[in-house]
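Here is a short briefing on helix packing, domain layout and a ligand site. Please view the structure first.

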Amino acid sequence: MNAIDTAIRAAASSIALKGVTKSYDAAHQVIPPMDAEFRAGEFTVVLGPSGCGKSTLLQMIAGLERVSGGAIVIGGREVQNLEPKHRGCAMVFQNYALYPHMSVFDNVAYSLKVAGMPKPERIERVEAVARMLGLSELLARRPSQLSGGQRQRVAIGRAIVREPGVLLFDEPLSNLDAQLRHDMRLELADLHRRIGATTAFVTHDQVEAMTLADRILILNKGRIEQFDTPKAIYHRPASVFVAKFIGSPPMNVLPVTGDGSVLRLADGQVVVEAPLNGNFVLGIRPEDIVFGTGGPLKARLRYREDLGSHSVLAADLAGEVVRVATPFGVDIAEATDLSLSFPQARLHLFDAATGRALPGAIGAQ
Ligand SMILES: Nc1ncnc2c1ncn2[C@@H]1O[C@H](COP(=O)(O)OP(=O)(O)OP(=O)(O)O)[C@@H](O)[C@H]1O
């Protein structure tokens, strides 16, 4: 630990959203009333499809967008009417927004200079941040003389040099290639372990969410679908939307009907015994389906993808495509009849009308 780590850990503040709403125009609300708490020191990922309101949410916390209603409380203080610079947040953007004509040192030191910090202290702070982020050798360079990953580190350095209680990231890795994204993900996770800042991180990439987050807030059309740990979200998705959004390939979902004793697929095949009546959606993850053991469900292999570590079989079952994860290179030809079984303990059930999970109805929830 150095002085920067200690100061940021001490400043880490919770963020509470209390009935926060946002409308850009009278016609529709981008964020309907939202209540949520980003806990102090936690890494929260805001995940959702394009246009669901992730950036809007982050910008309201930062103060770059006004709220249309409700309150934002950071560290016990209502901030929704404060200027961005008075909220104790620092933000890292997708395009880094570095000053091209300034050196790395000046980019990182800029906000301290504006705040009137004396030069010797400024130098000390910037050097401490540079050591933390592996930028010490690069302080004299201009942004144009840096790689994408190095620029990203400068942008992070510029954010943490002010020792903020809250760090906000808006898709910071999306301009990097796959390898660098992976490396930066590990660096960010490591940085968070060291400095312990309250972090809100916006992405549409579920791998980033699963690997970085203490908790994931999943947004759908401005509403919270689920806000929980990666493990809970994977194993106990609260809705069909979440089930289909997380996992690669995602959870299989199939319409089923209950007659009071069993649940049947659309073609009449029985999936499981259950004393349920009505229409439901059944979910099962590709890796939870057992195949090749003479299982009761009849499906037909449509195609396969060999992915190196494993193979994914896509099969027609009751008019739907289900994906089955199997060991790599399983020896089986296309258009083969498959026998599948769905272990009951691995089944998820959702209400057909609302899409919400029905915990405890059968199986996994
Ligand atoms: N300044 C604006 N004026 C009007 N509408 C806006 C404005 N900014 C965003 N929106 C709308 O608000 C909704 C949410 O946008 P937002 O950028 O927050 O989504 P997002 O989840 O971050 O999307 P993406 O992943 O594509 O960046 C979208 O329908 C968008 O068109």
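**Helix packing**

α4 passes α5 in a right-handed crossing (left-handed if the near helix is turned anticlockwise from the far one by less than a right angle, right-handed if clockwise). This is a predicted model: local features need pLDDT of at least 70, side-chain atom pairs count only at pLDDT 80 or more, and totals for chains, interfaces and linings use all residues. Residues are numbered from 1 along each chain as its sequence is written.

- The axes of α4 (residues 119–133) and α5 (residues 148–160) come within 10 Å and cross at roughly 140 degrees. Helices are DSSP runs (H or I, at least four residues), and strands are too (E, at least two), numbered from the N terminus.
- Axes are lines fitted to C-alpha atoms, for helices over the stretch in contact; angles run from 0 to 180 degrees between N-to-C directions.
- α4 and α5 are therefore oblique to each other (under 35 degrees is roughly parallel, over 145 roughly antiparallel, 65 to 115 roughly perpendicular, the rest oblique).
- Val129, Ala130 and Leu133 of α4 meet Arg153, Ile156, Gly157 and Ile160 of α5 (contact: C-beta atoms, placed from the backbone, within 7 Å).

**Domains**

- The protein chain splits into domain 1 (3–235) and domain 2 (241–351), with bounds from an automatic or database domain assignment.
- Their centres, taken over C-alpha atoms, are 39 Å apart.
- Seven residues of domain 1 are in contact with five of domain 2.
- On the domain 1 side, β9 (215–220), β10 (223–228) and α8 (230–235) each supply at least two residues.

**Ligand site**

- The residues around the ligand include Tyr24, Lys54 and His204 (C-beta, placed from the backbone, within 6 Å).
- Helix α2 (residues 54–62) gives the largest share of this shell, three residues.

Terms used
Contact = placed C-beta atoms within 7 Å.
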